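This briefing concerns one protein model and is arranged by topic. Please read it alongside the sequence and structure shown here.

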Amino acid sequence: MTLSEIASIAASSPGWIAAILLIASGLIEISPIKINPWKAIGKAIGKAINGDVVQELESVKKAQTDIAHRLDERERIEDDRNADRQRERILKFNVELIRNLKHTKEDFNEIMVVMDEYEAYCENHKSTYKNNRADLAMENIRRVYREREEKNDFL
């Protein structure tokens, strides 16, 4: 079949023109514009078939994000409570020292670990945990520790 015969068939039937253009558009890619009607048709069919699934997936993603935010907030609250408990231990230990109660060296070592953790938490969470209120108590504990260390005066 020659090109002129194809042209005469196409001129006599407009449906043939549409069919030829549709087939040609799937086979011929014009640069730089990429036209692929099959891909668009496939996407449209996919959206029609999977629309409910996609909508449900979006709902699940939103719920998952909400749960993650709530979990992060719970973890922050728990970390703050833990820091509060550490501060309470520090303050209680300092009150015991002020009342001249004796402690073992291990007691001092344990409270020093608590103090280090508390100070690190306060330092790392300056923007969210503004509660470093045990500075004087920690200074006193360190002072008493040094004095007892020099005198070897632990319980």
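Asn100 is found in the loop between helices H3 and H4, where helices (H or I, at least four residues) are DSSP runs numbered from the N terminus. The model is predicted: local features need pLDDT of at least 70 and side-chain atom pairs count only at pLDDT 80 or more, while totals for chains, interfaces and linings use all residues. Residues are numbered from 1 along each chain as its sequence is written, and side-chain values use heavy atoms, with hydrogens and water left out.

**Residues with positive phi**

- Asn100 is not a glycine, yet has a positive phi of about 65°; its position is just after H3.
- Asn100 counts as exposed because its relative accessibility is 62%, given that exposed means over 50% relative accessible area, buried under 20% and partly exposed in between (1.4 Å probe, protein chains only).
- Asn152, in the segment after H5, likewise is not a glycine and has a positive phi of about 50°.
- With a relative accessible area of 66%, Asn152 is exposed.

**Helix H3**

- Buried residues of H3 include Pro37, Asp80, Ala83, Phe93 and Leu97.

**Packing of H3 against H4**

- H4 covers residues 105-124, and its axis lies 9 Å from that of H3 at an angle of about 140°; axes are lines fitted to C-alpha atoms, for helices over the stretch in contact, and angles run from 0 to 180 degrees between N-to-C directions.
- The two helices H3 and H4 are therefore oblique to each other, since angles under 35 degrees count as roughly parallel, over 145 as roughly antiparallel, 65 to 115 as roughly perpendicular and the rest as oblique.
- Among the H3 residues that meet H4 are Arg76, Asp80, Ile90 and Phe93, and the H4 residues involved include Phe108, Ile111, Met115 and Tyr121; contact means heavy atoms within 4.5 Å.

**Surroundings of Asp153**

- Asp153 lies in the segment after H5 (135-151) and is partly exposed, with a relative accessible area of 30%.
- Leaving aside neighbours within four places in sequence, Asp153 is in contact with Lys102 and Arg148.
- Asp153 and His103 are 50 residues apart along the chain, and their C-alpha atoms are separated by 9.3 Å.
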